Amino acid sequence: MIKLEEVAKVYPDGTEAVKGISFEIQNGEFCVLLGPSGCGKTTTMKMINRLIPITSGKILVDGTDNTKLDVNDLRRGIGYAIQEIGLFPHMTVSENITTVPRLLRWAKGKCRQRAIELLELVGLTPADNFLDKYPAELSGGQRQRVGVARSLGADPPVLLMDEPFGAIDPITRERLQDEFLRIQGEIKKTIAFVTHDINEAIKMGDRIVLIRAGKLVQYDTPAELLSRPKDDFVRDFVGADRALKSLRLMRVKEVMRASPPTVSLEEGLSSVRKQMESVGLKWLMAVDDERFMGWVSWEDLGKGEKVRDIVIPPATTATPNTPLNQALSLMLNSAIGNLGVVDDEERLLGVLTFDCIRNVIVEFQSEGEER
Amino acid sequence: MVGAWEYMVRRPDMLVEWTLQHLWIILISNGIAMVLAVALGIWITGKGREHIADIVLYLAEIIMTIPSLAMFGFLMPLFASLGLKSFGFGVAVVALILYGLLPVLRNTHTAIREVDPAMIEAGRGMGMSELQILTRVKLPLATPVIMAGLRNAVVINIGIAAIAAMIGAGGLGVPIFRGIRNLRMDLIILGAIGVTILAWVADALLGLVERWVTPEGLKRARQR
C-alpha cells in the first residue's frame, strides 16, 4: 500500500510543484496519476521513491515512512519503469533486466533464471533469442517490454511507471497496454502510473488521481470520473461530455457480455470459490431458474454455507435497450460495480462491466483524435 | 634520404635506443596524465562543480597554448629552486604530463556529462549508489570518448617529446638536434621519420585499444 499524506514540494526558487496532496493506493491497485503537463504528477510519483526529496508531508510505503529507510534499499524494493530510452545500451537484455537482482547480489544462475522468466512474462519468447541481445538490436516495442521486465526484476510489490508507453507508435502502444493489463492480472502489483493521456488512464486505471496545478482535483474510478466529474476542469480534461455523448448513442445489448458466469442459489460456497478462481473474477451472478437473483462477492464467501446465505440482491438492473449513459450511472449504484442485464421477465441475459464501457469510450476518443 | 637510410643500417643500435627512450617518456608521462585527468575529469563533473570545471578546463587549455620550448624554460628554474635536477628526463616528463592532461580531461568531462540523464535517473531509481552509477553506467558509456582523448594526447606528446631532447631527455629528438647543429640532413630526416612513424603506429594501436574497450552494445548501436 502507498499512502500520501499532505505531500508537498516547493523548489528552492519558490516554485510550488505539489501543494499538499493526499491519497492512498491499495495493494494490487493500478492507480493512474493523470493531469496536464507540468501539473506535478511526475513530481508526486518521484517523491515516492525519493528521486525528488519531499518538502513537507509524509509518504508511507507498506506502512513505513519512506524517509526512514536507506534510500537505495527503498528504491531496490520499488520497481521503476520509464520510457525505453532508460535502458542501458551497453548492457545486454539479460543484464538490463537483472539490474536490481545484481545490486542485491543474487547468484548468477538465479539472475539468469529470473531474466528468462520475465522475458516469457512480457512475451519476448523464446527467451534465449533475447537474453544476449543489446537494446540497439531490438525494436521500440521490444525495448519497452524489456523496460517493463526490468522494473519487475526483483519482484517488488510496488511499481512506479513514468509514461512507460509514451514514446511508442499508437498501434504498438495499444498492444503493450493490453499485454500489461494481462500481466497485471497475474502479478497484481501496487502501481502508480503517470500519464497525460486520458485514454490510457481510462483504459489502464482501477483508479485515477487527477492533478491540476499541484493539487488533487479528483480521486475516483474511471467510471466516476466520467459520469460524475467534480468540476468543469475534470469534465473538460477527461472529455466527459464527449464520452457520455458517445455512450448515449449506444445500447447495452451492443456491448454487454452475454453468458456471464453464474451459480445457482443452492450451490455450496466452496465450489463457488473454485469457480471464481477458475474464471479469475471476484464475483459471480446468482440465478434461480434463469432469473437473476443477485451478486455473490469473493469477500462474503466465508459468511455462510450456500449462495442463498450471502447473495446480494441487485439494487438495479438494465435491459438490453437501456442507453449506455444511463447504464453507467446505474452501474455506479450497484454494490459490485457491474450491472445485470435482464429481460422483461427478470431472466438474466448478460452482464455489463465497466470494461465493456471502457472499450467504447477509449475507441470513441481515439477516433476523435484521428479526425 | 639515402644518408638517413645508410645511418640506420650502420647504427641500428642508436635508432633503437632513441626510440625506446622516446617511448619510455611517453609511457610514463601519458600514463600519469591519463590517471590524473580521468580522476580530475570525474571530479569536476560532480554536482555543483560546474564553475570549478570551467576553471580547470580553462587552465588546461592555457597550458596547451604554452610553446613547449617556453614550458621547458619555465620548468627548469622551478626544478632548480626545488633542489631537483633541472634538466633531462624529470623535467620532460612533468612538461608532457601537463600537455597530456587536456585532451583526456576534456573528453572525460564531456563524455560523462553527455550521458543521457534518463539513463542516470533509471540507475538511481533502481537503487544504484552514486558510485555504482559512475562505475556501471557513466564510465562504460564514456570509455570510448575517454580513449579517443588519450589517443589524441599521445600523438601530440610524441611530437613534443622530440623537443625534450634539447634539455637532455633523450629520444628521437637527439638525432634531429644533432643534425641541426652539424648540418647533417640525414640525421634530421632519420629523427623526423622516426617520430612520424612512432606517432602513426601509436595512433593505430590506440585505435585498436579504443575499439576493444568500447562496450559491445555501443558498437552494435553504431552499426545500425
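Does Glu163(A) count as buried, exposed or partly exposed, and how many C-beta neighbours does Glu163(A) have inside 10 Å? Keep in mind that this is a predicted model. Glu163(A) comes out as partly exposed, because there are 17 C-beta neighbours inside 10 Å, and a residue needs 20 or more to be buried. You'll find Glu163(A) in the loop that runs between strand E7 (158–162) and helix H7 (170–187) of chain A. Its backbone is worth a look too: phi is positive, about 40 degrees, although Glu163(A) is not a glycine.

Most residues other than glycine have a negative phi, and most peptide bonds are trans. Chain B also has an exception on the phi side: Leu183(B), not a glycine either, has a phi near 55 degrees. Leu183(B) sits in the loop between helix H8 (173–182) and helix H9 (185–213) of chain B. With 8 C-beta neighbours inside 10 Å, Leu183(B) counts as exposed.

For the peptide bonds, go back to chain A. Thr125(A) and Pro126(A) are joined by a cis peptide bond, with omega at about -10 degrees. Pro126(A) belongs to the loop between helix H5 (108–121) and helix H6 (140–151) of chain A.

Now for the inside. The largest nonpolar core has 155 residues, and those touching the most other members include Phe193(A), Val296(A), Leu352(A) and Ala92(B). Domain 1 (2–246) and domain 2 (252–360) of chain A both contribute residues, so this core lies between them. Over in chain B, Ala92(B) touches Ile25(B), Ala161(B), Ala164(B), Ile167(B) and Ala169(B), leaving aside residues up to four places away in sequence.

Terms used
Residues numbered from 1 in each chain as written. Chains lettered and ligands numbered in written order. Predicted model: local features only at pLDDT ≥ 70, side-chain atom pairs only at ≥ 80, totals over all residues. Core = buried A, V, L, I, M, F, W, Y, C linked by C-beta atoms within 7 Å. Buried ≥ 20, exposed ≤ 12 C-beta atoms within 10 Å, placed from the backbone. Domains from an automatic or database assignment. Contact = placed C-beta atoms within 7 Å. Helix = DSSP H or I, 4+ residues; strand = E, 2+ residues; numbered from the N terminus.
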